[in-house]
Amino acid sequence: MTKELHYDTVIVGAGASGLYAALKLPAEQNILLICKEDLESCDSMLAQGGICVLRDENDYDAFFEDTLKAGHYENRRESVAIMIRNSRKVIDDLLELGVDFDKEKDGSLKYTKEGAHSKPRICFHQDITGKEITETLLQRVKECPNVTILDHTVMEDLLVEENACHGILAKAADGNTLQIHTTDTILATGGIGGLYEHSTNFPSLTGDGLKAAEKHGVALEHLDYVQIHPTSLYRDKPGRHFLISESARGEGAILLNSKGERFVDELLPRDKVSQAIHAEMEKEGTKHVWLSFAPVPAEDIQSHFPNIYKTCLEAGYDITKEPVPVVPAQHYFMGGIHVDSDSKTTMEHLYAVGETSCNGVHGKNRLASNSLLECLVFAERAAQKIAAGKEGN
């Protein structure tokens, strides 16, 4: 059975970027937000380390250079500048929405540091920052009377006429086909980790937005730019690997080979650390290396990394007393659907945000904790562009 639905905007994906876009669209719009699985099964929930912010004007040049250096200088500079300049506004907005970032005793924000950052500029909530942000955004969206949410609803195609998107075709949880007619469509379908044997992503992330875009001739960009995270918890079974945040190394955790020797500067960019780990594994004939929290005070482990501590303990490793086995795994997709600085694709009325888009911020390799910031900044820009279009009609 086919049902026809009519909305102003449909958002495909209920991760951080999709939720933030919903909040930033005009309140008078009738919005539909769909997600492929349940509302908790999005990669935004898994982000551990934090979200970057420009601490002050003196940090601008260093933040810009750190982002470009990590991205091998293949970044789109205009996009990087937009992201950094809007970072404080986003953090302030998240605080206003209720996100509980960790704070110093005087009430100011705490900042941590990760690999390839020249200084601490990352806001965080323990080691579950993505969960804290995404759950807060979800709660605020649920309070919006103009937003309808459908879970277990899968986009199957775009509705296209004369290179303009007029909505999507989707399969609902009850098996019905939905023809969802809209003025504007935002793809926030996430990355491609589900296509890999070993990934830190949910298996449902299979590049659905990319497939639909490619089918209709929408421009894609840098599909070979895939980031491998150096430290996922080693397991000998395929499937999603538990990520051990880069902020662990930022706080002092070190990488060791089977002889207990350090073999790399742990704060190099992710691709460099991953390459060093693979080289060490090949040299030693091992399936993993070790991450030691010995240099990190036990009280800091308990306060900053409670989820990592708990998960490793469940796997049989007490990180306050012993190292844990880690191995690189597919983590993030820097390529995607080509978009401009307003998240607009090459098709009229079609936008893409978050990991499924490529606005050039990350270049060839993403700087740690830029992903949450990038996805929120450019989700808001998509919403603003759509709102401006409405006003112009």
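Figure 1. Once neighbours within four places in sequence are set aside, Asn307 is in contact with Asp127, Ile128 and Phe242. This view, like those that follow, is drawn from a predicted model. Asn307 belongs to helix α10, which spans residues 306–314, and with a relative accessible area of 26% the residue is classed as partly exposed. Although Asn307 and Gln126 are 181 residues apart along the chain, their C-alpha atoms are separated by 8.1 Å.

Figure 2. Five strands make up an open sheet in the order β6-β3-β2-β10-β19, and their pairing is parallel. The edge positions are taken by β6 (147–150) and β19 (350–352), each of which pairs on one side only. From one strand to the next the twist averages 15°. At the β19 side of the sheet, strand β10 (residues 184–187) runs parallel to β19 and is joined to it by three bridges; Leu187 has Ala352 in β19 as its bridge partner. Helix α1 lies across β2 (9–12), β3 (31–34) and β10, and the angle at which it runs to β3 is about 170°.

**Figure 3. Packing of helix α1 against helix α5.** The axes of helix α1 (residues 16–24) and helix α5 (residues 129–142) come within 9 Å and cross at roughly 35°, in a left-handed crossing. On the α1 side the contact is made by Ala16, Leu19, Tyr20, Ala22 and Leu23, which meet Thr134, Leu137, Leu138, Arg140 and Val141 of α5. Sorted by class, the residues of this contact are eight nonpolar, one polar and one charged. In soluble globular proteins, nonpolar side chains tend to be buried together.

Figure 4. When residues up to four places away in sequence are not counted, Leu376 touches Ala16, Tyr20, Ile51, Val90, Leu94 and Leu137. Among these partners, Ala16 and Tyr20 in α1 and Leu137 in α5 also take part in the contact between those two helices.

**Figure 5. Ser79 in helix α3.** Ser79 lies in helix α3, which covers residues 77–85. The residue counts as buried because its relative accessibility is 1%, where the cut-off for buried is under 20% relative accessible area. Leaving aside neighbours within four places in sequence, the residues in contact with Ser79 are Asn359, Val361 and Phe378.

**Figure 6. The hairpin of β7 and β8.** Strand β7 (residues 154–161) and strand β8 (residues 164–171) pair in the antiparallel sense over six bridges. The two strands form a hairpin with two residues between them, and in the turn Glu162 has a positive phi of about 55°.

Figure 7. An open sheet of three strands, in the order β12-β18-β20, has mixed pairing. Because β12 (220–221) and β20 (357–358) stand at the edges with a single partner strand each, one side of each is left without a neighbour in the sheet. Two bridges link β12 to strand β18 (residues 336–338) in the antiparallel sense, with Glu221 standing opposite Gly336 of β18. Helix α6 (residues 208–215) lies across β12 and β18 and runs at about 45° to β18.

Figure 8. Thr183 is found in the loop between β9 (177–181) and β10. With a relative accessibility of 30%, Thr183 counts as partly exposed. From C-alpha to C-alpha, Thr183 and Asp224 are 32 Å apart in space, and in sequence they are 41 residues apart.

Technical notes: Residues are numbered from 1 along each chain as its sequence is written. This is a predicted model: local features need pLDDT of at least 70, side-chain atom pairs count only at pLDDT 80 or more; totals for chains, interfaces and linings use all residues. Side-chain values use heavy atoms; hydrogens and water are left out. Axes are lines fitted to C-alpha atoms, for helices over the stretch in contact, and angles run from 0 to 180 degrees between N-to-C directions. Helices (H or I, at least four residues) and strands (E, at least two) are DSSP runs, numbered from the N terminus. A crossing is left-handed if the near helix is turned anticlockwise from the far one by less than a right angle, and right-handed if clockwise. Contact means heavy atoms within 4.5 Å. Ala, Val, Leu, Ile, Met, Phe, Trp, Tyr, Cys and Pro count as nonpolar, Asp, Glu, Lys and Arg as charged, and the others, Gly among them, as polar. Two strands pair if DSSP finds at least two bridges between them. Buried means under 20% relative accessible area, exposed over 50%, partly exposed in between (1.4 Å probe, protein chains only).
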